[in-house]
Amino acid sequence: MKSFAQQLDVFPAENQIPEEYRITELHQREYLINGEILPWDGSVQEVLSPVYIKQEGRLERKLIGSYPLPNTEKEAMEALDAAVKAYDNGRGEWPTMSIGDRISCMEKFVGRMIEQKQQVVNLLMWEIGKTLGDSIKEFDRTVEYIYDTIEALKDIDRASSRFRIEQGIIGQIRRSPLGVVLCMGPFNYPLNETYTTLIPAILMGNTILFKPPKHGTLLHYPLLEAFRECFPKGVVNTIYGRGNTVVPALMKSGKINVLTLIGSSRVADQLKKLHPKVNRLRAVLGLDAKNAGIILSNADLELAVKECLLGTLSFNGQRCTAIKIVWVHRSVADQFLKRLNEEVDKLKPGLPWEKGAQITPLPEPQKPAYLAECIQDAEAHGAAVTNEGGGIVNESLFFPAVVYPVNSQMKLYREEQFGPVIPVVPFDDIEEPIDYIINSDHGQQVSIFGTDTEEIAHLIDPLVNQVSRVNINAQCQRGPDTFPFTGRKDSAEGTLSVEDALRSFSIRTVVATKDTEGNKEILNDIVEKNRSQFLSTKFIF
């Protein structure tokens, strides 16, 4: 039987990579602004895969391409000007276009997007180390999300296609766009979570500045032509470069109407403070989370272990919805740990395309060292790694570590580790995990594992006022996409789900008049002769 160190020896020579998963270097020398794919001849950022390649007895990260890296804010401001011009204070072609025509543009885009599936999936594996199955799932789920969003928009529009008469006032209430949206997505779901903000923002009539994540930039390149072809000029504009170089000027301009960011609360706070007209800025944010799992004394331990394994280690624990700390009642702690350790040590390290691979290379170069530091800190304060292979490292591969008993002196107690380390905290009194959640800066989700209905019910009522989703005998997760996805405290601002996202990127607007014969004639004339896209009774099928 291989040792855990030997199991992590997975990196191949170039000729050992299956033909269908090999990658041709993709060097992006173009960017999209104002409906044009413009050439780029400036500095570039090399993209190194988390996958290492054996070369002459040493390991080197695989170069898979490069993309534009502006050293100044010039190109970002050009993109902003294009988005502002396309919106034109709400008078532009896109914000005044009918819902039906916007949907037609989006349906055309999805068709073009599907044509690029194989390349995008391959780039997901090579850029961020996501498994083949999860990469396919991310692409397919994104396509499904777009179609679901289109259907939700049709439903919203149908419900708005009639006039209301209240207290002598005739009115029609519809949703209208907010303006220019700065959209920045995360590296862990660089396609799906980026598009869960980008797509509804576009559909509602806004114009977009799109900054791809640092890890997961290249996979958006094959889709630039689809954006250019399917939407009017200036509706979608791409920006590149270091965030701290190009984004502050955009915010300081005061021309950004919506900031949407999936990332750090610290970064979001800094960016919002740069805007000179903060009351004009709407923020749609998915931020930090330190979701807790609570194992009660009466829990079904086999179920709890199964769900906690998925919750803590799916995609190496690199999910905002991951369970990042586990509280277990002391009476069942030994049993729980024994089974959890056994199941963790069964996980297969491997390359993203390998069948059955469950632990894959981490895309952030500094992450293995940070995780090792967290473990060392925990050990210095009385904890230990309890599973046999926990914390073994081979370059970007980090085998998951179960750490117990974790206490309040440790980094793992406070910090969001965002990686394959499972902090486990014993408790005697249920008030201990409740107090932890109450005092946490984060408030996204919690998972409760137990069989006593009275005890579970007793926990639900206080916890729904601390987090935005309480999972019973199930891992924390985002889906289904029709459920609201948000958080309290520093975990989120705004709500992202299929219908909620459309509402987040728009505002209810009313056209109203007094109920007189003359005003009725005016309204009828506008509607019957299709003089307005907003004031309309058209019904989208």
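In the predicted model, helix α5 supplies 4 residues to the lining of the second largest pocket, the largest share of that lining. This pocket has a volume of about 690 Å³. Its lining comprises 26 residues, of which Asp134, Lys137, Tyr189, Ser314 and Arg319 are the closest to the centre. Two or more lining residues are given by each of α5 (132-159), α6 (192-203) and α10 (301-313). By class, the lining of the second largest pocket divides into 9 nonpolar, 9 polar and 8 charged residues.

The largest pocket has a volume of about 1600 Å³. It is lined by 50 residues, and those closest to its centre are Phe187, Lys214, His215, Val267 and Glu364. The largest share comes from α9, with 5 residues. The lining of the largest pocket contains 23 nonpolar, 15 polar and 12 charged residues.

In general, strands of a sheet pair through backbone hydrogen bonds, in either a parallel or an antiparallel arrangement. The pair formed by β11 and β12 (residues 282-286) is parallel and is joined by 5 bridges. Within this pair, Ile262 has Gly286 of β12 as its bridge partner.

Burial was also examined for helix α14, which spans residues 431-439. Pro433, Ile434, Tyr436 and Ile437 of this helix are buried, the criterion being a relative accessible area under 20%. These residues lie on the same side of α14, because they cover an arc of only 155° around the axis. As a general point, an α-helix has 3.6 residues a turn, so residues three or four places apart point the same way.

Note on methods. Residues numbered from 1 in each chain as written. Predicted model: local features only at pLDDT ≥ 70, side-chain atom pairs only at ≥ 80, totals over all residues. Heavy atoms only, no water. 1 Å grid on protein atoms, 1.4 Å probe; cavity = no way out; pocket = protein on both sides within 12 Å on 5 of 7 lines; lining within 4 Å. Points joined across faces, edges and corners; volume = space filled by probe spheres on them. Nonpolar A, V, L, I, M, F, W, Y, C, P; charged D, E, K, R; others polar. Buried < 20%, exposed > 50% of the residue type's maximum accessible area, 1.4 Å probe, protein only. Arc of directions from axis to C-beta. Pairing = 2+ DSSP bridges.
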